[in-house]
There are 2 protein chains.
Amino acid sequence: MDSGLPVKRTIADQVAELVRQRILTGQLKGGQPIRQEHLATELGVSRIPLREALKQLAAEGFVTITSHKGAVVAELSIAEVEELFDIRLKLETWLLQLAIPAMIERDLAALEKNLEEQRRPDILPRWGDVNWRFHEVMYLPAGRPITLKLLKNIHDKIDRYLRLEVTMRSGFDRALREHDGLIAFCRSRDVPAAVSLLERHIRDTARGLIASLKVQ
Amino acid sequence: MDSGLPVKRTIADQVAELVRQRILTGQLKGGQPIRQEHLATELGVSRIPLREALKQLAAEGFVTITSHKGAVVAELSIAEVEELFDIRLKLETWLLQLAIPAMIERDLAALEKNLEEQRRPDILPRWGDVNWRFHEVMYLPAGRPITLKLLKNIHDKIDRYLRLEVTMRSGFDRALREHDGLIAFCRSRDVPAAVSLLERHIRDTARGLIASLKVQ
DNA sequence: TGAAGCGAGATTGTATACAATATACAGCGA
DNA sequence: TCGCTGTATATTGTATACAATCTCGCTTCA
């Protein structure tokens, strides 16, 4: 699956992955400072690979580094979340347009297999992952790997907040229905209908998340 | 201008900036390996800040790091260049749509000031910079800072190849005319005309660059 | 009172030293 | 000759040590 990963993983890479996961899962909360010595000793490594990991995460937008003051977990304002959803809207609808004509049976089967997983009762903890993979599989036939990687980064940043959304159950069933509809339109190669549903899907997700952010 | 820069710049930041510039200007060519010890002694620093700089550049996509083998200057395939231009097309037309209704006289004046600079005879070495700033100023009123930063990164990656384009003179005058036209449409608030011209502008640039890449 | 100055401790930034891994090449055997 | 293997060298990865900077409470003085 992750064919891009280096075979021999360096400590810095492992730490980057771990810290990223902690941020995504909310173990490290937005605005929280990251003390190098503390985290390094906890992980049983020196500060050198940790610092390299933090530099990488900073470039990816997960932490913010200020000289001589350290790294803090990045926070997204509501405006920034809205902007990220807008970027998704523009790029994902484009990819879907490209992907649908290029889809073969195997792609559609993969989408349906993913949808089955989404229906399993114990999905919630893995929802972020599975949901992204659904979209990824759908856009893969478009053959635009750079865009896909960019979108994954955006999804990761957003998912952190989706996890916090306690009222997710409400939007959850809707998301499943929309995913189901997307597959149907992909099957019938109905590009306009699929794109329009995807637009609604992304906008609905955005609306739900932003509403729940504004409450807090 | 660069208000986002840290006040106290760390060695790692300076090195990252310098290496990025060397890549952009072609002093470091695509595929070329970067030997840490060598570059570090040349710059008079230790390998630690250099390594942090390389991690950052890797996350930004300017170099590729392989464990225990080192960093090499990233190369873009023709397909990747095409994809980057496609992303530009989707995002920049969107930003322009948002920006035009929000433009005030000051923005238009800034565009014209930039265009004047483009007309100066000694522009070629600074073309990459000035050209990006034209687009940046044009999209700034859209109020989408994340997208803008993303686009800057894409421009940087592309500009490296634009610099190589020896026959730039041909596309150069055309670019100036198109920039001129864009300002006119912005002034008249003619969104459809501006967007359509911008589409052509980006496609023209892409076509010219890709043609010259295919020759080599 | 309160605002500026000044350490002591905490924290980050960088250099040096060493360990782990990769690369190049010589020697050996079939 | 060809291919394998082991060793020397080069290069990267990480730990430790130290330097630079920041934080925060205290003092001092207007």
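A polar contact here is a pair of N or O atoms within 3.5 Å, where, within protein, one must be able to donate a hydrogen and the other to accept it. This is a predicted model, and between its chains A and B there are 8 residue pairs in polar contact, both residues at pLDDT 80 or more. Four helices of chain A, namely helix 1 (11-24), helix 3 (47-60), helix 4 (78-102) and helix 7 (145-164), each supply at least two residues of the side that touches chain B. Helix 4 of chain A gives the largest share of that side, 8 residues. By class, the side of chain A that touches chain B holds 11 nonpolar, 3 polar and 11 charged residues.

What does this contact amount to in area? Chains A and B bury about 2500 Å² between them, with 65% of it on carbon and sulfur atoms. E52(A), K55(A) and E83(A) supply 26% of the area that chain A buries against chain B, more than any other three residues. There are also 6 salt bridges between the two chains. In one salt bridge, the side chain of E52(A) meets that of R51(B) at 2.7 Å, N to O.

Now follow DNA strand C. Of the 20 residues around it, R47(A), R51(A), T10(B), I11(B) and S46(B) come nearest. Helix 3 of chain A gives the most to the surface near DNA strand C, with 3 residues.

Terms used:
Residues numbered from 1 in each chain as written. Chains lettered and ligands numbered in written order. Predicted model: local features only at pLDDT ≥ 70, side-chain atom pairs only at ≥ 80, totals over all residues. Heavy atoms only, no water. Buried area = accessible area lost by both parts, 1.4 Å probe. Salt bridge = Lys/Arg side-chain N within 4 Å of Asp/Glu carboxyl O. Polar contact = N/O pair within 3.5 Å; in protein donor to acceptor, adjacent residues only side chain to side chain. Nonpolar A, V, L, I, M, F, W, Y, C, P; charged D, E, K, R; others polar. Near = heavy atom within 4 Å.
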